[in-house]
Amino acid sequence: ATFFLAGPIHEDLKNRLLRENIDVVENIPHSQIPTQLNQAKFLILSSFSEGLPNVILEAMSCGVVPVINPSFAFGRYLISNNLAIELRLDRFSVTIEEISDMIDNKGLLEKFGNRCIEFVRENHSITSVRELNLKNLFQK
């Protein structure tokens, strides 16, 4: 499976990923991000403080499964709604096990990716945001 890493990569996380035979590619030029996301199966975002990172929505819209830290509200929301895997640095083997299970079960990976795509379409696409804004505008 292909992994896309975003944000600051902590040295400890990088070493753990390398031990799991996961290639770590850093400093991807912005112009190559769409191509890289479309080839990836997982997005690893190890940042501890985020608002609503665009890279998560961009990855999810490509059917890429986010592996994220639950330290920010959107991350907790995605994890609790089975739209992301929790990045557990203190129990990294649990995170790797969840990823491995998903890799081994292509149907599960595809189903998870499709849920991600649907979530973005329903909640963050231009059409859904426009419809929500029009609805709110005329309710007042």
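Which residue stands opposite Ile 44 in S2? Leu 5 is the one. This is a predicted model, so local features need pLDDT of at least 70 and side-chain atom pairs count only at pLDDT 80 or more, while totals for chains, interfaces and linings use all residues. Residues are numbered from 1 along each chain as its sequence is written, and side-chain values use heavy atoms, with hydrogens and water left out.

Back to the sheet. S1 and S2 pair in the parallel sense over 4 bridges; strands count as paired if DSSP finds at least two bridges between them. The sheet is open, has 4 strands in the order S1-S2-S3-S4, and its pairing is parallel. S1 and strand S4 (85–86) sit at the edges with a single partner strand each, so one side of each has no neighbour in the sheet. Strands (E, at least two residues) and helices (H or I, at least four) are DSSP runs, numbered from the N terminus.

Now for helix H3 (residues 54–61). Its buried residues (under 20% relative accessible area, 1.4 Å probe, protein chains only; exposed is over 50%, partly exposed in between) are Val 55, Ile 56, Leu 57, Ala 59 and Met 60. They pack against the elements below, where contact means heavy atoms within 4.5 Å.

| Element packed against H3 | Residues |
|---|---|
| strand S1 | 3–6 |
| strand S2 | 42–45 |
| strand S3 | 65–68 |
| helix H4 | 73–80 |
| helix H6 | 106–124 |

H2 is also among the elements that the buried residues of H3 pack against. Just after H3, Gly 63 takes a positive phi of about 80°.

Of its 40 residues, Phe 42, Ile 56 and Leu 78 touch the most other members. Leaving out residues up to four places away in sequence, Ile 56 touches Leu 43, Leu 45, Pro 66, Ile 68, Phe 72, Phe 74 and Leu 78.

Glu 20 belongs to the loop between helix H1 (11–19) and helix H2 (33–39). Glu 20 counts as partly exposed because its relative accessibility is 40%. Setting aside neighbours within four places in sequence, Glu 20 is in contact with Phe 92 and Ile 96. Between Glu 20 and Glu 86 there are 17 Å, C-alpha to C-alpha, and the two are 66 residues apart in sequence.

Definitions and conventions: A nonpolar core is a set of buried Ala, Val, Leu, Ile, Met, Phe, Trp, Tyr and Cys residues joined through side-chain atoms within 4.5 Å.
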